[in-house]
Amino acid sequence: MDRRTLIFITVSVLIIVLYQELVLKRLPQEPPAPPAPVETVAPAEPREPAAPAVEPRSLEQALGEPVAEAAALEGRDVTVETDLYTAVLTTLGGRLKSLQLKRFRAGPEPGSPPLELVAQGPESDLPMGVELRGANTWSDARVVYQPSADALVLGGDQQGSLELRAQVAGQPLLKRLTFRGGAYPIGLEIETPPASALPKELVADSPDGQPAAVALVWSKKVAPHENSTQVFEGPAAVVNGKLVQTAVDDLEKQEVLAGTVSWAGFEDHYFLSAAAPDRATAVILRPRAPVIDLKILTPRDGEAGTVGYTLFIGPKDVDQLEAAGHDLARAMNLGWFGPISLFLLSILSLSHRFTGNYGLDIIILTVLVKLAFWPLTQKSFQSMREMQKLQPEMQKLREKYKDDAKQMNAEIMELYKRHKVNPLGGCLPMLLQIPVFFGLYQLLANTIELRHAPFFLWIHDLAAPERLEILGYGVPVLTLLLGASMFLQQKMAPPQGDPTQQKIMMFMPVIFTFMFIGFPAGLTLYWLTNNVLTIAQQYFVVRHVPKATAPA
């Protein structure tokens, strides 16, 4: 590869990767324009001020309910066991208290406990709360529900329901949850009292003109990002067909997303906790550090107050998300080259059936990609070889016409034409491989298959940066080997270009080494394997490329 082409490709990749890491990952994602715009409302004054217009005590009295201190209220736990998770609900507020995934661990260490997706805290901070919203807002945080069972155990294709019953204004309040033994989606149906049975504070329009609504409240304890991450983490929603992701650091006051809500919830690197409503029209994001309340609003339909949801609390696995429907697969958000990432993921998964080791699968995938581009790479080598043969003649032209740039360029183009050399011949094959590289980048950095997946020896998690402990220091061995392989590639290539270009090339292995120190081990393994294959290709193939005829 000639120096100019290598500089172009390397700098292009470096700029795009750094731009993604340092800029795009800190901003809300902007996907293609939706069928209809999402109306984002940021009121000058929050809709839910710290001191409500009507005190909770007077609202309770209006509902005809006894006033009880929060400390005096007690709930009990209800456990649901399936093949995929263990869920615990508390009857105080009818909230989801815990959900532990059986197939995913908190850490890569042997014996690490199952992964918990519900942050522990006060009952009012737990997900699955219900609010009745009108001129005032009533919450079920202090309601003690009566469960239809104390435990539910399901497996395989079994399906079962759990009902949590209470009363508001002497009328039934019901949460009905439907579970399946071998699937993550959970059906949730909420039945609230008819409008005629509620006080006017809860059925009248709000002061800002919003209609009375039933809200599902999904609260989560979150923390601001301490540094850049490779994927978005925080509250997200699909509204009017548009994926809206709100950075935690940017959410300083209440925001409202108005429109048709496909789903709303919280994303992290590999997992999603979301609710897909049947007919919601708005999502409210309300920060109250360290908790964020995400409220999905469904307007009351006349007297009725029944609303339905599909809950998904589990891994951001493509097959699982697509099977769940409701556009939940948008949470993968693999970027422009997502289709390429998914195609390569299918190859990786097929290979894994035979190897059982994702590190070996990455190596196999890299070899397959290299073989697919072999003809293009060979043409690239030949074009660069021909360009190299023209370097002495080009240098003479540069010296002869150094004071006439226009004439110099014309003479150089004539030289290319005379020797039938395409100056872009070495660059275009590389450009065609860039989409595949970024598809692989998104795949190896973001898909859950590599989470806590070991390779060998000291590499226990291909989704995390690798470190080998030597005398108390974590040494990034793969990353150092990557830098060494780039340096070897430079040494094997004949010196070309002016001294400035050569100095830039000297720093490239160092720049990439530092850049990859924080990258996942799987991505580093791919790049290292690709470099080794390229070195072998340079050694065995370039020598068999027909030499261009030397210029007269």
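The legends below describe several close-up views of one predicted model.

Residues are numbered from 1 along each chain as its sequence is written, and side-chain values rest on heavy atoms, with hydrogens and water left out. Because the model is predicted, local features need pLDDT of at least 70 and side-chain atom pairs count only at pLDDT 80 or more, while totals for chains, interfaces and linings use all residues.

View 1. The strands follow the order 5-4-3-2-9, and their pairing is mixed; strands are DSSP runs of E with at least two residues, helices are runs of H or I with at least four, and both are numbered from the N terminus. Two strands count as paired if DSSP finds at least two bridges between them. Strand 5 (114-116) and strand 9 (151-153) each have a single partner strand and stand at the edges, so one side of each is left without a neighbour in the sheet. Within the sheet, strand 2 (residues 77-81) and strand 3 (residues 85-90) run antiparallel and are joined by five bridges, and Val-78 has Leu-89 in strand 3 as its bridge partner.

View 2. Side chains of opposite charge can pair when their charged atoms come close. A salt bridge here is a side-chain nitrogen of Lys or Arg within 4 Å of a carboxyl oxygen of Asp or Glu, and a search of the whole structure finds 16 of them. In this one, the side chains of Arg-76 and Asp-150 meet at 3.3 Å, N to O. Arg-76 lies in the loop between helix 2 (56-62) and strand 2, and Asp-150 in the loop between strand 8 (146-147) and strand 9, so the pair ties together parts that are 74 residues apart in sequence. Arg-76 is partly exposed, with a relative accessible area of 40%, and Asp-150 is partly exposed as well, with 47%; buried means under 20% relative accessible area, exposed over 50%, and partly exposed in between, with a 1.4 Å probe and protein chains only.

**View 3. Salt bridges with buried partners.** The closest N and O atoms of Arg-95 and Asp-140 are 2.9 Å apart. Arg-95 lies in strand 4 (residues 95-105) and Asp-140 in the loop between strand 7 (137-139) and strand 8, so this pair ties together parts that are 45 residues apart in sequence. Arg-95 is buried, with a relative accessible area of 4%, and Asp-140 is buried at 0%. Glu-131 and Lys-295 meet in a salt bridge of 3.1 Å, N to O; Glu-131 belongs to strand 6 (residues 129-133) and Lys-295 to strand 20 (residues 291-299), 164 residues apart. Both Glu-131 and Lys-295 are buried.

**View 4. The largest nonpolar core.** A nonpolar core is a set of buried Ala, Val, Leu, Ile, Met, Phe, Trp, Tyr and Cys residues joined through side-chain atoms within 4.5 Å. The largest one has 116 residues, and Leu-101 and Trp-263 are among those with the most contacts inside it. Helix 9 (residues 428-446) gives the largest share of this core, eight residues. Leu-101 touches residues including Tyr-85, Leu-115 and Phe-271, not counting residues up to four places away in sequence, where contact means heavy atoms within 4.5 Å.

**View 5. Helix 10 and its buried residues.** Helix 10 (residues 477-492) has 16 residues. Among its buried residues are Leu-478, Leu-482, Met-486 and Gln-490.

Notes
Expected span 1.5 Å × (residues − 1).
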